[in-house]
Amino acid sequence: MSKRVIKKVAVLGSGVMGSRIACHFANIGLQVVLLDIVPKGIDNNASKDERNAIVDGALKAALKSNPSPIYSKTELFTNRITTGNFEDDMNLLIDCDWICEAVIERLDIKHEVFSKVEGLRKPGSIISTNTSGIPINMMLEGRSDDFKKHFCGTHFFNPPRYLKLLEIIPAETTDPELIDFLMDYGNRFLGKTTVLCKDTPAFIANRVGVFSIMSLFHTVTEMDLTVDEVDKLTGPVLGRPKSATFRTCDVVGLDTLIHVANGLKDNCPNDEAKHLFELPEYISKMHENGWLGSKTKQGFYKKSKDENGKRQILSLNLNTLEYEPKQKVKFATLETTKPIEDLVERTKVLYNGQDKAGEFYRKTFNGLFAYVSNRYPEITDDIYKIDDAMRAGFGWELGPFEAWDAIGLSKTIEMIKADGHQIANWIHEMMAAGHSSFYKIEKGTRKVYNPTKKTYEAVPGGPVINLNVIKQNNVIWKNGDASIIDLGEGVLNLEFHSKMNTIGGGTIQAINHAVNLAEENYKGLTIYNEGQNFSAGANVGMIFMFAVEQEWEELDFAIRAFQNTMMRVRYSSIPVVVAPHNMALGGSCELSMHADKVIAHAETYMGLVEFGVGLIPGGGGTKEFALRLNDEIKDGDIMTNQFRNRFLTIGQAKVSTSAVEAFELGYLRKGIDEVEVSRDHQLLRAKEAVLEMHEAGYVQPAKRKDITIQGQQALGLVYVGADSFRAGNYMSEHDQLISEKLGYVLAGGDVSQPTDVSEQYLLNLERRAFLELCQQRKTLERIQSILTKGKILRN
């Protein structure tokens, strides 16, 4: 294992990519130097602010951008970045462990920058380029042997914080040990899917991704499809991002896409599909008009206002090049797939559709499958790397070969030929040898076909503990909403798999059963899943049903069951570790707050959001804030400020924009809970935390009866604030009621002086307030509105 340690990084170039790469290095705790040019016309006697105007402006713009490139905008994070310029501050590179170049895509400028770096860098330090297209080896002209040995491409995808792909491209002279180090470092510390690439035009993800987009541009013309239709067909239904195709092009910028496409057309003379990199007429016209997307305020979409001044989004008619109101899209094939949640099964149905949508899917998939088959071994020696790159760089849930497996290799061959595509010979050899899929699971190991060796090999990388593989043989109990899986070494894992991983009766049953099993025969329990989101919260539809039917006893029973389950998690005799990721809202936030420890993925968006549907947290969340408020005040904090902060966090339904911000909002506990940047290592760390607590002699916690409530002193703050907001028309009468109910529970009721109470006392107040709000007509109207609009089910 390498002894190399990264403590300080320099990023050269502060453009959109450079400034955001710098922010992500700061996210993981590194000291960062961010440098750029001195503005033209600024002389040597100008102030530092004037000479650093470009870099400072770029960093300021990055920090203001949304979504944020940094986990927290507090000085703890932003002060990790030191800015400077190429003329005055190159000496800051002397002690850097990694120097990442991200200047303009011109070889002469890169040569000039590297020449300056050569004389300053310490021997053995890493030098890398974030180029997306210039051949890596061409940048090394005139460089020393040590420079060449420690130089490679590190291609981040924009935005670097959110897109997981990091392509690592060795030069001919790069030390293999350095590549091994970066592959591991990128995954473990930067949270990336690191993909080793050959030094070929556009590397892997952009080569396949831009082909896919350019091919689609031509297909749109051939099939006379609209922008709205294509984005409906190529979005979430296909396991792709909501931005689908044309919205993604607007975000990335049409000019950027055209630049890459032109580069591929010029630099890939032997590419059998190079004709598809020619620009269709409507794309050329858009480019001429400067309709480049978000950066020019119009592209395939344009924001406008109708005759009533109401905001609307118009889409471009590709035939007339005029903007028109967006149209609803309906295809029979899409209707057929609505009840199919499994993407593999849904992909089969999409491909076999008998309408225009099915024809579109066959046409696009057939071209894609042929194309990726012919990129082996040109761009990679391992076909799984193409799938990894497309999943991590373009947000595809199924990579091309995985999608091909889903549809069926044997079922597509003739159709692909009929569409005029030629499949690589290794595909025919593979099928002749009796192999019918690219991937398979064998003895608990996921394997992929190696065309050179003509056999299957274990897929390297991925989650250290791969739950999808383990559960093939290790599920010891399950119901319709959740499964209990044996992770080995005495640790169980509870996995949710209800719709959007919402928490209903089946999940509550599973949590209790998992704790019971763990107490009987195991060392502890983790709660983790590999869904798109950890959980959207409790099933608000169930609450609505009870309330509409006025089944108050049943609703009271359901809330008690939820509260009791949270307390069961907190006061079990075994350690319970919750490992959330992405959305962890409402009830799942409450679950996290009752665990012994939370191992939160860095991209965890956690919040108690019940106020938005006219309720307060009813599964122990309000109680928990009251308890934590008590502990904070005991630590010497001023009660008024802390109470206001806790009240507003729930009252404004604040959701963290990162796991780090979840600490700032009080959902996670400093010194107890942890942030894990790598999703691939998250479950491993959660399991390790369980075992650490077990080995340390875990003792069942004693139930709290020492919670000091503030009563009337705190309640007065709520009533005065709510009255003033209501008087100023900043709050509806219903919101005022919710605020007062929330404040009543946080204050511990209408007691005349600070009093010690138990958690159960607070839970009873919480449940009573929750039930009373459920009986309000306005609350039911809010819930019904959310359900009707098909928004996320959460409490």
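Which residue forms a salt bridge with Arg685? The partner is Glu688, and their closest N and O atoms lie 3.6 Å apart. Both sit in helix α28 (residues 679-695), where a spacing of three residues separates them by about one helical turn. Arg685 is buried at 15% relative accessible area, while Glu688, at 34%, counts as partly exposed.

Let's step back to the whole chain. This is a predicted model, and its secondary structure comes to 32 helices and 25 strands. The radius of gyration is 28 Å, close to the 28 Å that the globule rule gives for 795 residues, so the chain is as compact as a globular protein of that length. Buried residues account for 55% of the chain. Of the contacts between residues at least 6 apart in sequence, 70% join residues at least 24 apart.

Now for the charges. The chain carries 92 positive and 103 negative charges, whose mean positions are 1 Å apart. Side chains of opposite charge can pair when their charged atoms come close. The structure holds 51 salt bridges, and one of them joins Lys597 and Glu674 at 3.2 Å, N to O. This pair links distant parts of the chain, 77 residues apart: Lys597 belongs to strand β21 (residues 597-601) and Glu674 to strand β23 (residues 674-676). Lys597 is buried at 13%, whereas Glu674 is partly exposed at 24% relative accessible area.

A further salt bridge connects Asp108 with Arg106, with 2.6 Å between the closest N and O atoms. Here Asp108 is partly exposed at 43%, and Arg106 also counts as partly exposed, at 42% relative accessibility.

Terms used: Residues are numbered from 1 along each chain as its sequence is written. This is a predicted model: local features need pLDDT of at least 70, side-chain atom pairs count only at pLDDT 80 or more; totals for chains, interfaces and linings use all residues. Side-chain values use heavy atoms; hydrogens and water are left out. Helices (H or I, at least four residues) and strands (E, at least two) are DSSP runs, numbered from the N terminus. The radius of gyration is taken over C-alpha atoms; the globule rule is 2.2 Å times the number of residues to the power 0.38. Buried means under 20% relative accessible area, exposed over 50%, partly exposed in between (1.4 Å probe, protein chains only). Contact means heavy atoms within 4.5 Å. Lys and Arg count as positive and Asp and Glu as negative; His and the chain ends are not counted. The place of a charge is taken as NZ of Lys, CZ of Arg, CG of Asp or CD of Glu. A salt bridge is a side-chain nitrogen of Lys or Arg within 4 Å of a carboxyl oxygen of Asp or Glu.
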